[in-house]
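Subject: A structure for you to look at

Hello,

Here is the structure I promised to pass on. Please open it first, and then read my notes alongside it.

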Amino acid sequence: MTPEIADVKRWLLERKPEIGDLDPDFDLIDNRVIDSLSFLDFVFFLEELTGRELQATAETVHHFRTLRAIEGNILHV
Amino acid sequence: MSDVREGLATLGPGMVRLRDRLENRWLAWAADCGAAPMLFPPLMKVEDLERFDYFRNFPHLPLLVSHLRPERLADVAKSGLPAGEAETNDLTPAGWALPSAACYNIYLHLAGADLDAARYVTTVATCFRNEERYDGLQRLHGFTMREIVCIGTRDEVQDHLRAFKTKVTAFGERLGLGLTVAAGSDPFYQPQSGRAVLQQLFPQKEELLYEGTLAIASLNFHRNFFGERCRIRAADGQPAFSGCVAFGIERWLHALLARHGSPEAAIEAIPE
């Protein structure tokens, strides 16, 4: 696990500790690890982590769905 | 046929027969998917709705129920309420609310349950919403909602919603209603809020629209929200997912009347 994805995982688990652990393919949206109120905070967090502005649109939304997708599409581009 | 005043509808015999015919169709669908018919109390506890963030999300909608303060009873018994309304000072704090949706009670009923298989429930309720304006049978202060709900794993809930989308769309086609499907646009959400963005990005609600504008049914995917809040576990041991198909009965009556001209003609169009 890269340091960045470990940071992402820590950020998510701090907000939802009852999950215990996060599988790389666990759907963060459907399981409401990221809910409606925290989604924008999550995007801001990823922007700070990557130093880039991220677009959350209908076309790119799948980039945010799982840890694996975040790693492949956002952290390591 | 129907008389609507200040958002409150009175249905005549023809409309009641049409409503019964629709209800028979939906109850048959509910039976097909093994949904248990249930009826819940007509009042909900404010503290129960608070579990669902209801007041934070929809502060303008609830109708709260109170009663007269004991110390005001003698005066009111003597003089009545000649102003046509009770003053807030006359009332006790409101611990009850009128339901605004039929299915909340289902999750509360199942609170703490460990499900060994998906649970299907259907219920109907008179629901109340405080709206800015009312419009015939299309937007009522008090209206009737039939829901068919699935509580289970994500796949079970998504299968349920998919199956009902097909059924309701085909039914609407057969009745000449020409329903279109649109992502739910929830006017309660502030346009700039994270919730509105998420609704756009990860749609949770689809509406079946009559004439492109009037949502007469909706398909709602709640994810595991109610499972978490009510501690309901699905067969996989995880917080249960839930989803419902909801029918706004008076809106169906409006659409069928507009399309067929009379309750009798609309009844003819609906297969037994």
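Let me begin with a pair of helices in chain B: H1(B) and H9(B) are roughly perpendicular to each other, a label used for angles of 65 to 115 degrees, while under 35 is roughly parallel, over 145 roughly antiparallel and the rest oblique. The angle between H1 (residues 13-32) and H9 (residues 249-260) of chain B is about 110 degrees, and their axes are 10 Å apart. Axes here are lines fitted to C-alpha atoms, for helices over the stretch in contact, with angles running from 0 to 180 degrees between N-to-C directions. Helices (H or I, at least four residues) and strands (E, at least two) are DSSP runs, numbered from the N terminus.

Which residues make the contact of H1(B) and H9(B)? On the H1(B) side they are Met15(B), Leu18(B), Arg19(B) and Leu22(B), and on the H9(B) side Ile249(B), Trp252(B), Leu253(B) and Leu256(B). Two residues are in contact if their C-beta atoms, placed from the backbone, lie within 7 Å. By class, the residues of this contact are seven nonpolar, no polar and one charged. (Ala, Val, Leu, Ile, Met, Phe, Trp, Tyr, Cys and Pro count as nonpolar, Asp, Glu, Lys and Arg as charged, and the others, Gly among them, as polar.)

Before going further, a word on where this comes from. It is a predicted model, in which local features need pLDDT of at least 70 and side-chain atom pairs count only at pLDDT 80 or more, whereas totals for chains, interfaces and linings use all residues. Residues are numbered from 1 along each chain as its sequence is written, and chains are lettered from A and ligands numbered from 1 in the order in which they are written.

Now for chain B as a whole. Chain B holds 10 helices and 12 strands. Its radius of gyration is 20 Å, close to the 19 Å that the globule rule gives for 272 residues, so chain B is as compact as a globular protein of that length. The radius is taken over C-alpha atoms, and the rule is 2.2 Å times the number of residues to the power 0.38. The C-alpha trace of chain B spans about 60 × 50 × 40 Å along its principal axes. Of its 272 residues, 34% count as buried, where buried requires 20 or more other C-beta atoms within 10 Å of a residue's own, exposed 12 or fewer, and partly exposed a number in between, with C-beta atoms placed from the backbone. If you take the contacts in chain B between residues at least 6 apart in sequence, 70% join residues at least 24 apart.

Two leucines show such links across the sequence. Leu161(B) sits in helix H6 (residues 154-174) of chain B and has 17 C-beta neighbours inside 10 Å, so Leu161(B) counts as partly exposed. Apart from neighbours within four places in sequence, Leu161(B) is in contact with Leu219(B), Phe221(B), Gly243(B) and Val245(B). Between Leu161(B) and Phe221(B) there are 60 residues along the chain, yet their C-alpha atoms are separated by 7.8 Å.

Leu108(B) belongs to helix H5 (residues 104-109) of chain B. Not counting residues up to four places away in sequence, Leu108(B) touches Asp48(B) and Cys230(B). How far apart in space are Leu108(B) and Cys230(B)? They are 122 residues apart in sequence and 6.4 Å apart, C-alpha to C-alpha.

Chain A comes next. With 77 residues, a compact globule would have a radius of gyration near 11 Å, and the 11 Å of chain A agrees. The C-alpha trace of chain A spans about 30 × 25 × 20 Å along its principal axes, and buried residues make up 18% of the chain.

H1 (3-15) of chain A packs against H3 (residues 67-75) of chain A at an angle of about 130 degrees, with axes 11 Å apart. That makes H1(A) oblique to H3(A). The contact residues of H1(A) are Glu4(A), Ile5(A), Val8(A) and Lys9(A), and those of H3(A) are Leu67(A), Ile70(A), Glu71(A) and Leu75(A).

Finally, look at Arg32(A): its phi is near 60 degrees, a positive value in a residue other than glycine.

Enjoy exploring!
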